[in-house]
There are 2 protein chains.
Amino acid sequence: MAWRLYTYYRSTAAWRVRIALALKGLRYEAVPVHLRKDEQLAADYRAISPQALVPTLTSGEQFLGQSLAIIEYLEETHPEPPLLPADPVARARVRQLALAVACDIHPLNNLRVLRHLKHQIGLSDAALVAWQRHWIVAGLAAIETLLAQSPATGRFCHGDTPGLADLCLIPQLYNARRADVDLAPYPVIRRIEAACRENPAFIAADPARQPDAE
Amino acid sequence: MAWRLYTYYRSTAAWRVRIALALKGLRYEAVPVHLRKDEQLAADYRAISPQALVPTLTSGEQFLGQSLAIIEYLEETHPEPPLLPADPVARARVRQLALAVACDIHPLNNLRVLRHLKHQIGLSDAALVAWQRHWIVAGLAAIETLLAQSPATGRFCHGDTPGLADLCLIPQLYNARRADVDLAPYPVIRRIEAACRENPAFIAADPARQPDAE
C-alpha cells in the first residue's frame, strides 16, 4: 500500500502521525500543506479535508483525517509494534494521556486559534504567549502527575516501549519550548522525552527533518 | 461491576459517557461534581482527576479520565451493542467525526476556557458568544460536509445504529443552541439529531434528566 500523508513540518498533529508511521516501519510520501500560506484553505485540499486541517492520510481512495483516528487505524491494520498495550485499563490510561494533549492542550494553541486570537480578538503578542503558556502548563502539570503517580510509567509513558501517549507528548513539548514554558517542574516528562529523542522513529519524524522544513 | 461516574449535568464530555453507558445498558451511580461551584478543583477530586475535569469513571480501583478513552474502554470491555463499526476504515471515519467535536469544537468552548477568556482576557459577554459561535460553526460545517458526502451516513452518523460519532455530536448541538447558533445550514446533522432524540439512551443521558440538573 502506498501511503500519502498531507503534512506540515511544524504541525504537532501531523507530527504524531509521522511518528506512528515511522514506529510501524510504514513508508509514505509526504505531501506538504503550507499552513502559514493557507494552502489548507484551498478548494482542492478542502475537498479531502473539510475541516481544512492536517494531517490527512490516504492510500488513494479514502482520506482519513484527525490524527488520533488515523493512528488508531494504523494500529488496527498494522498491529506490530503495538502503540497501545493489551489490557483494557492500560489502554484507557494511554488514551487518557494522549487525549490530555490532543483535546486539552493542542486545540487551544494551534495555528488557526492563535490567528483568531490575534486578528479577531486583538491579543498582543505577549498576551498570545501567555495564553499558550497557561494551557500548556495546566496540561503538562496534570500529565506529570498522572505519570509520576503510576507504577505503569516506565522508560516511556507506558512501560518501556514508545506508544500513543509518547507520540502526542513529544510534539507538544516542542510547542511548549516555542512558548518559553519552563519544563523544569516536569522531571518525568523530561526523562521520557530524553528516551524518545534516542528513538529512530522520533528522530525521523522531527520537524527539522521534513522536506518542507524551513 | 458497580460503576461510579463523576459527572456534571451540563458537561458535554460527561454527557457522551452517559450516552455510552446507557446504550450499552450499564448501570452506574452518578456522582455530581458541580463545575460552576469549582468542586472539580477540590483536592479530593484532583486526587482522582489531575486535570480537574469531568467525567471520571471508576469501579473502585482505577479512575479513568477523558471521555473518549472511557468510551473506548467500555467498547473493549462491553462490546455489545458496538459503538464502532467493524471495518477499520469505517472505524476511522467514526473516530474522525467524534474527534472533530472532541478536539476541535468542545475544548475551545468548555467552561474553563470561557472563564479564562472572560476573566483573564477580558472578553465581553457578546464577544464570548461570538467566539463560541465561530468554532461551533466551523466544526459543524465540516461535519455536515463529511456526513452529506458519504454513503456510509445512515439514520445515524454511521449506518442505522447510534455510535461514537452520534454521542459526541448530540451534546455539542445543545451547546450550539445555548450559543444561538443557527442550525438550519446543517440538515443532515438535524436529521440525525431527530433520530437520536427518539433513542432511550440519548433520552436518559439528557442534562435535564440528571440528578444534579438545575
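Modeller: Angles under 35 degrees count as roughly parallel, over 145 as roughly antiparallel, 65 to 115 as roughly perpendicular, and the rest as oblique. This is a predicted model, where local features need pLDDT of at least 70, side-chain atom pairs count only at pLDDT 80 or more, and totals for chains, interfaces and linings use all residues. Residues are numbered from 1 along each chain as its sequence is written, while chains are lettered from A and ligands numbered from 1 in the order in which they are written.

Biologist: How are helix 4 and helix 7 of chain B oriented to each other?

Modeller: Helices (H or I, at least four residues) and strands (E, at least two) are DSSP runs, numbered from the N terminus. Axes are lines fitted to C-alpha atoms, for helices over the stretch in contact, with angles from 0 to 180 degrees between N-to-C directions. The axes of helix 4 and helix 7 of chain B come within 10 Å and cross at roughly 170 degrees. The two helices of chain B are therefore roughly antiparallel.

Biologist: Which residues of helix 7 of chain B meet helix 4 of chain B?

Modeller: Contact requires C-beta atoms, placed from the backbone, within 7 Å. Helix 4 of chain B brings Leu97(B), Ala100(B) and Val101(B). Their counterparts in helix 7 of chain B are Gly139(B), Ala142(B), Ile143(B) and Leu146(B).

Biologist: What is the strand order of the open sheet in chain B?

Modeller: Strands pair if DSSP finds at least two bridges between them. Strand 1 and strand 2 of chain B run parallel, joined by five bridges. Strand 3 of chain B pairs in the antiparallel sense with strand 1 of chain B over three bridges, and likewise with strand 4 of chain B over three bridges. The pairing is mixed and the order is 2-1-3-4.

Biologist: Why is one side of strand 2 and of strand 4 of chain B left without a neighbour in the sheet?

Modeller: Strand 2 (28–32) and strand 4 (63–65) of chain B each have a single partner strand. One side of each is therefore left without a neighbour, because both stand at the edges.

Biologist: Which residue of strand 3 of chain B stands opposite Arg4(B)?

Modeller: Strand 3 of chain B covers residues 56–58. Arg4(B) stands opposite Thr58(B).

Biologist: Which helix gives the largest share of the side of chain B that touches chain A?

Modeller: The contact takes 32 residues from chain B and 32 residues from chain A. Elements giving two or more residues on the side of chain B include strand 4, helix 3 (67–77) and helix 7 (125–148). The largest share, nine residues, comes from helix 4 of chain B.

How values were computed
Contact = placed C-beta atoms within 7 Å.
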